[in-house]
Amino acid sequence: MANGLSDLINFKKYDLSAIGSNSYKALVTSCHKQIDKNGLCLLPNFVTDSFVEEVIAEVKGQEEKGFHSESWRSPFGNESKKAQENPVQTRASMTTFAYDLLAPQSKLRLLYESNVFTDFLKEILRVDNFFKCEDPLVSCLVASCKDNDELGWHYDPNDGVVTLLLQKADSGGEFEFAPNVKGVKDKISEKELSIIDNQDEDIISLVQNSGTLSIFNGSNSLHRVAPVAHNSERIVAILSYSSVPNFTFSSRTRINFLGRSF
Ligand SMILES: O=C(O)CCC(=O)C(=O)O
């Protein structure tokens with residue numbers, strides 16, 4: 001598979017086939033430095049131009065199969081003690097395209113299914129157990145935000161989220177991150193409230209262009225995708241992993257994300 005990977009990954013910058021080489025080790029070290037500093041690592045131009053063009057065309061070619069949803073949730077997690085303390089909610093509004101819409105030879109599917117790529121992520125995240133999911137719908141989905149769509153401030157239930165930006169919005173749609181602000185688990189801080197209110201000076205607005213791979217630990221860091229404005233569109237692939245092999249999501253999660261369970 002390593003040969004085929006050069007059609008997917010920009011090997012000039014990120015030669016994942018050279019495992020064990022000095023350049024590979026330097027890449028891993030630089031990713032660790034980024035994660036240690038802010039809880040996230042950005043790899044610009046990670047995939048080839050043809051990857052981006054083909055996957056966007058693939059999704060655009062079946063626009064009517066996308067599932068648009070709008071929901072409100074506690075940024076702290078609906079089941080958390082913090083959610084009981086304060087009823088504040090943030091909005092998630094987007095159109096999602098399920099994994100089973102990707103063709104067998106889709107470059108996005110081939111990247112997700114590549115063991116070389118999974119091993120690379122595992123090394124960046126420094127975890128012992130890291131597996132791609134076996135979910136036919138949610139494993140690797142594409143999310144489009146346009147016309148005031150957004151993914152409001154939230155913590156993730158787990159670390160190790162991986163996204164690949166396919167298209168940047170012309171206006172809005174920035175990925176914003178407030179590193180390591182969770183603090184005391186059961187008590188909301190002024191800091192968290194000022195972030196959710198978009199007032200905090202420690203919010204980092206990240207530079208992501210099409211082809212940027214982002215790997216982040218979002219369970220301790222509030223983050224969001226700001227509302228997309230002026231008829232533009234942001235398109236991102238969201239890749240899911242698990243600490244156990246053969247993981248599939250519940251039907252409830254599938255229905256929430258994609259409007260169907262099979
Ligand atoms: O769409 C993105 O870039 C971020 C996705 C995100 O925040 C998440 O999956 O938790």
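Me: Where does Ile203 lie?
Reply: In this predicted model, Ile203 is in the loop that runs between α7 (190-196) and β9 (204-206).

Me: And why does Ile203 count as partly exposed?
Reply: Count the C-beta neighbours: Ile203 has 19 inside 10 Å. Buried takes 20 or more, and exposed takes 12 or fewer, so 19 puts Ile203 in the partly exposed class.

Me: Which residues does Ile203 touch?
Reply: Leaving out residues up to four places away in sequence, Ile203 touches Glu176, Ala178 and Ile195. Asp7 is another matter: 196 residues separate Asp7 and Ile203 along the chain, and their C-alpha atoms are 36 Å apart.

Me: How do you know that the buried residues of α3 line one face of the helix?
Reply: Start with the list: Phe51, Val52, Val55 and Val59 are the buried residues of α3. Look down the axis of α3 and these fall within an arc of 95 degrees, so they line one face. The face turned away from that buried side has the exposed residues Asp49, Ser50 and Ala57.

Me: What covers the buried residues of α3?
Reply: The cover includes β3 (90-97), α5 (107-113), β5 (140-146), β7 and β12.

Me: What makes the span of α2 agree with its length?
Reply: Helix α2 covers residues 22-38, which is 17 residues, and at 1.5 Å a residue it should span 24 Å. Its end C-alpha atoms are 25 Å apart, so the two agree. Just past α2 comes Gly39, with a positive phi of about 80 degrees.

Me: What surrounds the ligand?
Reply: The shell is Ala143, Leu151, Asp156, Val161, Thr163, Phe175, Gly218, His223, Val225, Val236 and Ile238. Elements giving two or more residues to it are β7 (161-167), β11 (222-225) and β12 (233-239).

Me: Last one: why is the protein called as compact as a globular protein of its length?
Reply: Its 8 helices and 13 strands come with a radius of gyration of 18 Å. The globule rule gives 18 Å for 262 residues, and the value is close to that, so the protein is as compact as a globular protein of that length. Buried residues make up 34% of the 262. Among contacts with a separation of 6 or more, 85% join residues 24 or more positions apart.

Key
Residues numbered from 1 in each chain as written. Predicted model: local features only at pLDDT ≥ 70, side-chain atom pairs only at ≥ 80, totals over all residues. Near = placed C-beta within 6 Å. Helix = DSSP H or I, 4+ residues; strand = E, 2+ residues; numbered from the N terminus. Arc of directions from axis to C-beta. Contact = placed C-beta atoms within 7 Å. Rg over C-alpha atoms; globule rule 2.2 N^0.38 Å. Expected span 1.5 Å × (residues − 1).
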